[in-house]
Amino acid sequence: QVQLVESGGGLVQAGGSLRLSCAASGRTFTKYTMGWFRQAPGKEREFVAAIIWSGIWSGDSTTYADSVKGRFTISRDNAKNTVYLQMNSLKPEDTAVYFCAAQSRPRTIATVDSYDYWGQGTQVTVSS
């Protein structure tokens, strides 16, 4: 049974940093796309970042939503089957529940429906 468990959320002041973790179990996702999404109250779930397996010679590539580009960094530790989201220069508009997600086969990167496994989410609140 595949499980994704997020941690690292919390309350932080604007300009601060947080690092989210997503620990996967039940399957190894080294060669699959894993992503982070977020959902603010009253809004749809939106893409934040993804890390994509690009082959044995190229390794991973990453992609980000424009709203977080330059501030957030996604990475993964294959030995721990864990994905991270380092969030710097946080803004109040980053406040949301953040979800980790994984694909079971290569599909569109930034679409919610393209991901087969989801974590329960972790709350990030940025105060002004």
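View 1. Cys100 is buried, with a relative accessible area of 0%, where buried means under 20% relative accessible area, exposed over 50% and partly exposed in between (1.4 Å probe, protein chains only). The model is a predicted one, in which local features need pLDDT of at least 70 and side-chain atom pairs count only at pLDDT 80 or more, while totals for chains, interfaces and linings use all residues. Residues are numbered from 1 along each chain as its sequence is written, and side-chain values use heavy atoms, with hydrogens and water left out. A search of the whole structure finds 1 disulfide, a term that stands for a pair of cysteine sulfur atoms within 2.5 Å. This disulfide joins Cys100 to Cys22, with an S to S distance of 2.0 Å, and it links distant parts of the chain, since Cys22 lies in strand β3 (residues 18-25) and Cys100 in strand β9 (residues 96-102), 78 residues apart. Strands (E, at least two residues) are DSSP runs numbered from the N terminus. The torsion about the S-S bond is about -75°, so the disulfide is left-handed; Cys22, at 0% relative accessibility, also counts as buried.

**View 2. The aromatic pair of Phe99 and Trp118.** The structure holds 6 aromatic pairs, counted where the ring centres of Phe, Tyr or Trp (its six-membered ring) lie within 6.5 Å, with planes under 30 degrees apart taken as stacked, over 60 as edge-to-face and the rest as tilted. Phe99 and Trp118 form one that is edge-to-face, at 6.4 Å centre to centre and with 75° between the planes. Phe99 is buried at a relative accessible area of 9%, whereas Trp118 is partly exposed at 26%.

**View 3. Arginines over aromatic rings.** Arg45 lies over the face of Phe99, at 3.7 Å from the ring centre, and Arg27 lies over the face of Tyr32, at 5.0 Å from the ring centre. A charge sits over a ring if NZ of Lys or CZ of Arg is within 6 Å of the ring centre and within 35 degrees of the ring normal.

**View 4. Tyr98 in the largest nonpolar core.** This core has 33 residues, and Tyr98 is among those with the most contacts inside it, together with Met34, Trp36, Leu85 and Met87; a nonpolar core is a set of buried Ala, Val, Leu, Ile, Met, Phe, Trp, Tyr and Cys residues joined through side-chain atoms within 4.5 Å. Leaving aside neighbours within four places in sequence, Tyr98 is in contact with residues including Glu6, Trp36, Arg38, Leu85 and Val124, contact meaning heavy atoms within 4.5 Å.

Terms used. Helix = DSSP H or I, 4+ residues; strand = E, 2+ residues; numbered from the N terminus.
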